[in-house]
Amino acid sequence: RGGTVVGRNRRNRAVGRRRISIFFATKTRPGSRRRRPAMLAFATGAWATRMSASAGPEATEPAVRPACPHFSSGPCKKRPGYTAAEALSGALLGRSHRAAPAMDKLRRAIDETRRLLRIPEDYRVAIVPASDTGAVEMAMWSLLGPRPVDVVYWESFGAGWAADLRKELKLEGVREIKADYGELPDLSQVRPDHDVVFTFNGTTSGVRVPDDGCAWIAPDRTGVTICDATSAVFAMHMPWDKLDVVTYSWQKVLGGEAAHGMIVLSPRAVERLESHTPAWPLPKIFRMTKGGKVNESLFQGAVINTVSMLCVEDYLDALSWVESVGGLDETVARSRRNLAVLEEFVAARPWIEFLAGDPAARSSTSVCLVLPGRERAEVAGLVKALGQAGVAQDVGSYRDAPPGLRIWCGATVEASDLQALTAWLDWAYARLPLPV
């Protein structure tokens, strides 16, 4: 029946009055004149304001729209102000990637990567095939075998690395240290005499390793650490002294193009490359040695297979943008500010939560949210409504993850767009049926 509700949020502030209508469906038992409620739906507080009679297809759309609706977790949004005509105007098209001008661009991409990420001088940096996936596989196939391996994972991509170690490389002594989506495993289980494979930031779970310099990795370790950091690099600080192999792709935090990966090797990793011969054949695109020594040309601009000079130009443009906004510290800060927008939004609403249970392990890039009590189909409907409204594209959770939202908050995303998006999240949720 019609009524008036005064809503209050968690800080106990009045948020307004609104007339709502609640309809009770009833059923009659056979042989009985008694009618009983079949469903009782109600709402309280700020939730009641949103879940009013106006909820449904006719719910009022917010006045402000995100200037850019691109919140995909890969490939990710281009940098602010990006236009292909400007960014790619210097692309060396129709020339060999081995030509001197092309090699100059490739070397510049490597040198600028090292400078902006503050990679130690004695580490090596190379452009490799097949995006981050190719870089991780290259490292595992080339380096692993001499020691037992601890593979640490809490989401789908890390689970994929574990499966490859067991089923493809068929390594003995593989120990899986794992946790469910939204949680971190016990990192203290990692042994310093084992090799370690892990993801720095779980792109499909929204859970990252703690921001403590990877204290759980021993400084006097004897094994090598292989870190898949594709959704962390340029948004989170890398503790280089704890990481022997770091991989990432251009398409994540920098909003670059797909298909090209980066690999960073410590002196310890190079030593392993030169002292260990894998027991299995290495495909050409995984080979980093020549004549038993590391192939130095790979770290000076040469590449294993043909690169797209169009994508290289796009990557150089992204690196220039990083420099223009203030460098690594600012791109990290931009991502954290973006996360803060969603943290404020979630804190004020009872119907949405972070998948990450521990705020200290909460990703600032691939932010994963869940809607407790809602079915997968309902969440899919909300995601579809946002997409059809043109305010948020590609924000559904990863196919193997719990149903929910995955909203990219990397450095190229504007906080103002996320702020505008939050009103549309309220709008989309108001269109769902009242929870039972």
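The paragraphs below lead through the sheets, ring contacts and backbone features of this structure. The model is a predicted one.

Strand β6 (residues 149-153) pairs with strand β8 (residues 195-199) in the parallel sense, over 4 bridges. Within this pairing, Val151 has Val197 in β8 as its bridge partner. A parallel pairing also joins β11 and β12, here over 3 bridges, and Cys227 finds its bridge partner in Val246 of β12. By contrast, β12 and β13 run antiparallel and are joined by 5 bridges; the bridge partner of Val245 in β13 is Leu265.

How many of its residues are buried? The count is 5 of the 5 residues, so β12 is largely enclosed by the rest of the structure. Both of its faces are covered: Val245, Thr247 and Ser249 are buried on one side, and Val246 and Tyr248 are buried on the other.

A pair of aromatic rings is described by the distance of the centres and the angle of the planes. The model holds 9 aromatic pairs. In one of them, the rings of Phe157 and Tyr398 have centres 5.5 Å apart and planes at 45°; because this angle lies between the limits of 30 and 60 degrees, the pair is tilted. This pair links distant parts of the chain, 241 residues apart: Phe157 belongs to helix α5 (residues 156-168), and Tyr398 to the loop between α9 and β18 (405-408). The two residues are assigned to separate classes of accessibility. Phe157, with a relative accessible area of 33%, is partly exposed, whereas Tyr398, with 15%, is buried.

The pair of Phe234 and Tyr248 is edge-to-face, with 6.3 Å from centre to centre and 75° between the planes. Phe234 lies in the loop between β11 (225-228) and β12 (245-249) and Tyr248 in strand β12 itself, so the pair ties together parts that are 14 residues apart in sequence. Both Phe234 and Tyr248 are buried. Elsewhere, ring pairs link Phe345, Trp351 and Tyr429 into a cluster.

Rings also take part in contacts with charged side chains. Lys78 lies over the face of Tyr82, at 4.7 Å from the ring centre.

Phe354 falls within β16 (353-354), a strand of another sheet. This open sheet is formed by 3 strands in the order β16-β17-β18, with antiparallel pairing. Its edges are β16 and β18, each with a single partner strand, so one side of each is left without a neighbour in the sheet. Between β16 and β17 there are 2 bridges in the antiparallel sense, and Glu353 has Val370 in β17 as its bridge partner.

The loop between β17 (366-370) and α9 (376-388) contains Arg374. Is this residue buried or exposed? Its relative accessible area is 9%, and because buried means under 20%, Arg374 counts as buried. The side chains of Arg374 and Glu378 are joined by a polar contact of 2.8 Å.

Some backbone features complete the account. Most residues other than glycine have a negative phi, and most peptide bonds are trans. The peptide bond from Gly74 to Pro75, however, is cis, with omega near -10°; Pro75 is found in the loop between α1 (45-50) and α2 (84-87). Arg118, in the loop between α3 and β5, has a positive phi near 60° and is partly exposed at 45% relative accessibility. Cys214, in the loop between β10 (207-208) and β11, has a positive phi of about 55° and is buried at 1% relative accessibility.

How values were computed. Residues are numbered from 1 along each chain as its sequence is written. This is a predicted model: local features need pLDDT of at least 70, side-chain atom pairs count only at pLDDT 80 or more; totals for chains, interfaces and linings use all residues. Side-chain values use heavy atoms; hydrogens and water are left out. Buried means under 20% relative accessible area, exposed over 50%, partly exposed in between (1.4 Å probe, protein chains only). A polar contact is a pair of N or O atoms within 3.5 Å; within protein, one must be able to donate a hydrogen and the other to accept it, and residues adjacent in sequence count only if both atoms are side-chain atoms. Rings of Phe, Tyr and Trp (its six-membered ring) pair if their centres lie within 6.5 Å; planes under 30 degrees apart count as stacked, over 60 as edge-to-face and the rest as tilted. A charge sits over a ring if NZ of Lys or CZ of Arg is within 6 Å of the ring centre and within 35 degrees of the ring normal. Two strands pair if DSSP finds at least two bridges between them.
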